[in-house]
Amino acid sequence: MPEPREYQLEAIITRKVKLGEADRILTLYTPDRGKIEAVAKGVRKTKSKMAGHLELLTYSQVRLARGRNLDTIIGSQTIESFMSLKNDLWLTSCALYCAELVNQFTVAHAAIPSLFRFFLETLNYLSSSTNTDLTLRYVELNLLEMTGYRPQIQECTACHKPLKPETNYFDYKAGGAICPECELRCPGCFEISLDALKVMRLFQKCSFSMVERLKISPALSQELKTITSGYIRYHLEREVKSAAWLDTLNDQIAQFSKSE
């Protein structure tokens with residue numbers, strides 16, 4: 001029995017690209033179909049009724065018609081717009097970074113329902129987050145786990161012995177932590193502090209609410225960022241564009257705060 005020509009699904013809009021004079025190709029992340037692309041015709045026109053429902057980072061009910069190459073969006077209705085997030089440039093930038101990670105670490109038409117739920121939860125928490133740096137580290141580690149790239153931080157990835165409570169090492173190529181005894185066998189490894197290891201382990205099993213309550217030093221925060229961003233870059237084999245924008249924006253915010 002052939003599939004019906006029209007269908008509908010829930011989706012978070014993660015990317016948009018201009019097409020022609022008035023259309024867009026949108027990337028949608030969905031619970032049942034994973035990442036898909038679809039054409040939104042006329043959505044760039046000022047009178048478009050669908051435009052507001054198909055903005056980036058909007059959670060919508062979308063109706064589509066099947067096409068030969070790309071399906072076409074023929075209707076949409078907002079479920080959650082996340083306006084408190086979109087009204088803040090920093091929070092919007094953080095959310096777009098998370099959306100880019102979802103796009104980069106997933107393949108088309110491969111559903112990961114748990115990742116969809118986690119992404120939706122991420123947008124909800126970012127909307128009111130007071131600790132965005134740690135929230136992003138938490139998101140990175142959990143997204144890596146859900147997409148099959150979980151770093152091993154319970155035991156040495158070389159000898160498989162449990163890590164002792166001391167300064168250990170981390171190796172992107174090996175996929176996680178290295179004990180001091182195996183350091184020389186992994187020339188690309190670097191030190192990881194005991195505190196960084198503890199926080200990463202916590203993030204692999206705790207909730208968003210616990211992340212919000214956690215307080216760490218700026219030095220530890222930077223160490224965690226260096227480890228996770230390097231690990232992500234290694235596996236993607238490319239830079240995450242929105243990560244560079246976040247760094248630039250963060251520097252601008254810091255400079256503005258100093259000038260006041």
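Let's begin with what a pocket is: on a 1 Å grid over the protein atoms alone, a pocket is an open set of points with protein on both sides within 12 Å along at least five of seven lines, while a cavity is a set of points where a 1.4 Å probe fits but cannot get out. Lining residues are those with an atom within 4 Å of a point. For volumes, grid points are joined across faces, edges and corners, and the volume is the space filled by probe spheres set on the points. Keep those in mind for later.

What you're looking at is a predicted model, in which local features need pLDDT of at least 70 and side-chain atom pairs count only at pLDDT 80 or more, while totals for chains, interfaces and linings use all residues. Residues are numbered from 1 along each chain as its sequence is written, and side-chain values use heavy atoms, leaving out hydrogens and water.

First, the overall build. The chain has eight helices and eight strands; these are DSSP runs (H or I of at least four residues for helices, E of at least two for strands), numbered from the N terminus. Its C-alpha trace spans about 65 × 60 × 30 Å along the principal axes. Of the 260 residues, 47% are buried, where buried means under 20% relative accessible area with a 1.4 Å probe, counting protein chains only.

Now look inside. A nonpolar core is a set of buried Ala, Val, Leu, Ile, Met, Phe, Trp, Tyr and Cys residues joined through side-chain atoms within 4.5 Å. In soluble globular proteins, nonpolar side chains tend to be buried together. The largest core here has 60 residues, and L85, L123, F170, M200, F203 and I232 touch the most other members. Helix α2 (residues 89-105) supplies the largest share of this core, 10 residues. Apart from this core lies another, of 16 residues, including Y7, L9, L26 and M50. For a close-up, pick M200: leaving aside residues up to four places away in sequence, M200 touches L141, I153, F170, I192, L224 and I227, a contact being heavy atoms within 4.5 Å.

C98, V102, L115, F118, F119, T122, V139 and L143 form its lining. Helix α3 gives the largest share of that lining, four residues. By class, the lining has seven nonpolar residues, one polar and no charged; here Ala, Val, Leu, Ile, Met, Phe, Trp, Tyr, Cys and Pro count as nonpolar, Asp, Glu, Lys and Arg as charged, and the others, Gly among them, as polar.

On to the pockets. The largest has a volume of about 640 Å³, and D133, R137, Q222, K225 and D247 lie nearest its centre among 30 lining residues. Helix α7 (218-236) gives the most to this lining, with eight residues. The lining of the largest pocket has 12 nonpolar, eight polar and 10 charged residues.

The second largest pocket has a volume of about 370 Å³. Its lining has 16 residues, and T14, R15, K16, E100 and N103 lie nearest the centre. Here α2 gives the most, with five residues.

Key: Buried means under 20% relative accessible area, exposed over 50%, partly exposed in between (1.4 Å probe, protein chains only).
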